[in-house]
Amino acid sequence: MFIGRVAGTVWSTVKWPQAQGLKLLLVRPYRLGDLPPGAAPVAGAAASEPTDDLVVCADTLDAGPGDDVIVAFGHAARVALSEKLPPGSKPMVPIDAAVVGVVDRVEIPR
Amino acid sequence: MIRGTVVGQVWATRKARGLDGQTLLLVAACDAEGRATGRLVVASDTLDARAGEDVTVAFGSGARNVLRAGPENRDLLCDAAIAAIVEGAG
């Protein structure tokens, strides 16, 4: 997993049918130098803008641009998507990254 | 796996149900010389690691085996977990 800031959204018409209805976000991961020491909400003046490359993530938590989020990769991403499906069904989707949390606070001791 | 240093903790109220009860730590990845590369990883912690401690982080099914070892753990929402607290490396 990583934390990052939602930088935008992606939409498409031509896609794998199982991906219909999935919202896709662009998330820019935070790097070590982006987060100052001290307890603070990330999405405040205390954090500088993240600087890493963008990652495309599925979103089921209604996150939006400017939110700081936790993103999971691989099977964990599909487990998060399966929570929105009927029990026992598997998310047969071409997705390998998903938003699994909206960050309240990051605490970095001095 | 990677080696890194615990730098802090992350909290989220709005989250996937699979993350309920998990402690999520921020780990700064290290290079071969032990210097931070800048890459930050969020990892589940079951070892009560503290900020400043050096740890190893396992990914994928290896991470799920940290939370619950065995073949029946594919329901877990975990892609990175602290697997060990490092005492020395050379």
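Two strands count as paired if DSSP finds at least two bridges between them. Keep that in mind as you work through this predicted model.

**Exercise 1.** Follow S2(A) to strand S4 of chain A.

*Solution.* S4(A) spans residues 55-59, and five bridges tie it to S2(A), again in the antiparallel sense. For a spot to check, A:Leu24 sits opposite A:Ala58 in S4(A).

**Exercise 2.** Which residues of chain A does A:Val71 touch, leaving aside neighbours within four places in sequence?

*Solution.* Among them are A:Phe2, A:Val27, A:Val55 and A:Ala98. Then zoom out to the largest nonpolar core, which has 55 residues: A:Val71 is one of those with the most contacts inside it, along with A:Ile70, A:Ala98 and B:Val42. S6(A) supplies the largest share of this core, seven residues.

**Exercise 3.** Describe how chain B meets chain A.

*Solution.* First, the head count: 30 residues from chain B and 27 residues from chain A make the contact. On chain B's side, S1(B) gives the largest share, nine residues. By type, that side splits into 17 nonpolar, six polar and seven charged residues. Finally, check the strands: S6(A), residues 97-108, runs antiparallel to S1(B), with six bridges joining them. There, A:Gly101 faces B:Lys15.

Conventions: Residues numbered from 1 in each chain as written. Chains lettered and ligands numbered in written order. Predicted model: local features only at pLDDT ≥ 70, side-chain atom pairs only at ≥ 80, totals over all residues. Contact = placed C-beta atoms within 7 Å. Helix = DSSP H or I, 4+ residues; strand = E, 2+ residues; numbered from the N terminus. Nonpolar A, V, L, I, M, F, W, Y, C, P; charged D, E, K, R; others polar. Core = buried A, V, L, I, M, F, W, Y, C linked by C-beta atoms within 7 Å. Buried ≥ 20, exposed ≤ 12 C-beta atoms within 10 Å, placed from the backbone.
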